[in-house]
Amino acid sequence: MENKEYELTISPNYVHNWNIREAIRELLQNAIDGETCGYPKTIRYDSDINTLYIYNEGVTLSPEDLILGGHSKEDRDDLIGGYHEGMKIALVVLLRKGISVKIENGDKIWTPKFKTSEKFNT
């Protein structure tokens with residue numbers, strides 16, 4: 001499997017007042033929106049391994065989906081989200097809180113992490 005990195009310009013301090021609750025809320029809202037768009041959702045918690053699974057069957061993301069402001073849901077009154085940034089911000093919060101995240105995306109697995117950017121020197 002190919003190991004490819006996508007560099008995003010978002011600081012770990014972004015939305016510094018958000019906690020795990022807000023991050024989970026955003027991911028759940030995305031799952032609900034996905035179901036509204038025809039992708040059945042599954043949400044379950046495995047207490048044995050302390051893991052939350054949020055899944056929409058058939059959804060795949062492209063690297064462009066990682067761009068803040070790259071998409072908008074404003075033309076859809078039936079969707080919860082508006083600016084298509086909740087998942088990205090939720091990932092920042094979860095990583096900042098030390099929670100590991102894995103995104104199964106079609107035949108790829110995305111593993112977000114913080115890394116110092118040589119390009120932006122931060």
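Reader: What ground rules apply here?

Author: This is a predicted model, where local features need pLDDT of at least 70, side-chain atom pairs count only at pLDDT 80 or more, and totals for chains, interfaces and linings use all residues. Residues are numbered from 1 along each chain as its sequence is written, and side-chain values use heavy atoms, leaving out hydrogens and water.

Reader: What makes helix H2 "mostly covered"?

Author: Buried means under 20% relative accessible area, exposed over 50%, and partly exposed in between (1.4 Å probe, protein chains only). In H2 (residues 86–96), ten of the eleven residues are buried. Among them are Met87, Ile89, Leu91 and Val93, and also Lys88.

Reader: What covers the buried residues of H2?

Author: The cover includes helix H1 (20–36) and strand S3 (103–105). Contact, by the way, means heavy atoms within 4.5 Å. After H2 comes glycine 98, with a positive phi near 85 degrees.

Reader: How do you know that S1 and strand S2 pair?

Author: Two strands pair if DSSP finds at least two bridges between them. S1 and S2 (residues 51–56) have six bridges and run antiparallel, so they pass that test. For instance, arginine 44 has tyrosine 53 in S2 as its bridge partner, and aspartate 46 stands opposite threonine 51. The two strands make a hairpin with four residues between them, and asparagine 50 in the turn has a positive phi of about 50 degrees.

Reader: What is isoleucine 43 in contact with, leaving aside its neighbours within four places in sequence?

Author: Isoleucine 43 touches Leu28, Leu52, Tyr53 and Ile54. With isoleucine 54, the C-alpha to C-alpha distance is 4.7 Å, although eleven residues separate them in sequence.

Reader: Why is isoleucine 43 called partly exposed?

Author: Its relative accessibility is 40%, which falls between the limits for buried and exposed, so the in-between label applies. Tyrosine 45, also placed in S1, gets that label because its value is 47%.

Reader: What makes Ile43, Tyr45 and Leu52 a nonpolar patch?

Author: Patches are made of residues with over 30% relative accessible area and no salt bridge: like charges are joined within 9 Å, nonpolar side chains (Val, Leu, Ile, Met, Phe, Trp, Tyr) within 5 Å. These three form such a patch on the surface, with about 280 Å² of accessible area together. Accessible areas come from the Shrake-Rupley method with a 1.4 Å probe; for residues, only the protein chains shown count as cover.

Reader: Why is the pair of glutamate 5 and lysine 115 called a salt bridge?

Author: A salt bridge is a side-chain nitrogen of Lys or Arg within 4 Å of a carboxyl oxygen of Asp or Glu. For glutamate 5 and lysine 115 the N to O distance is 2.9 Å, so the pair qualifies. This one links distant parts of the chain, 110 residues apart: glutamate 5 is in the segment before H1, lysine 115 in the segment after S4. Lysine 115 is exposed because its relative accessible area is 55%.

Reader: How many salt bridges does this rule give?

Author: Five. One of them joins glutamate 35 to lysine 41, with the closest N and O atoms 2.8 Å apart. Another is aspartate 107 with lysine 108, at 3.5 Å. Aspartate 107 is exposed at 61%, while lysine 108 is partly exposed at 42%.

Reader: What makes the phi of valine 15 worth a mention?

Author: Most residues other than glycine have a negative phi. Valine 15 has a positive one, about 40 degrees, without being a glycine. With a relative accessible area of 19%, valine 15 is buried.

Reader: Is asparagine 121 buried or exposed?

Author: Exposed, because its relative accessible area is 69%. Asparagine 121 is in the segment after S4, and its phi is positive too, about 55 degrees.
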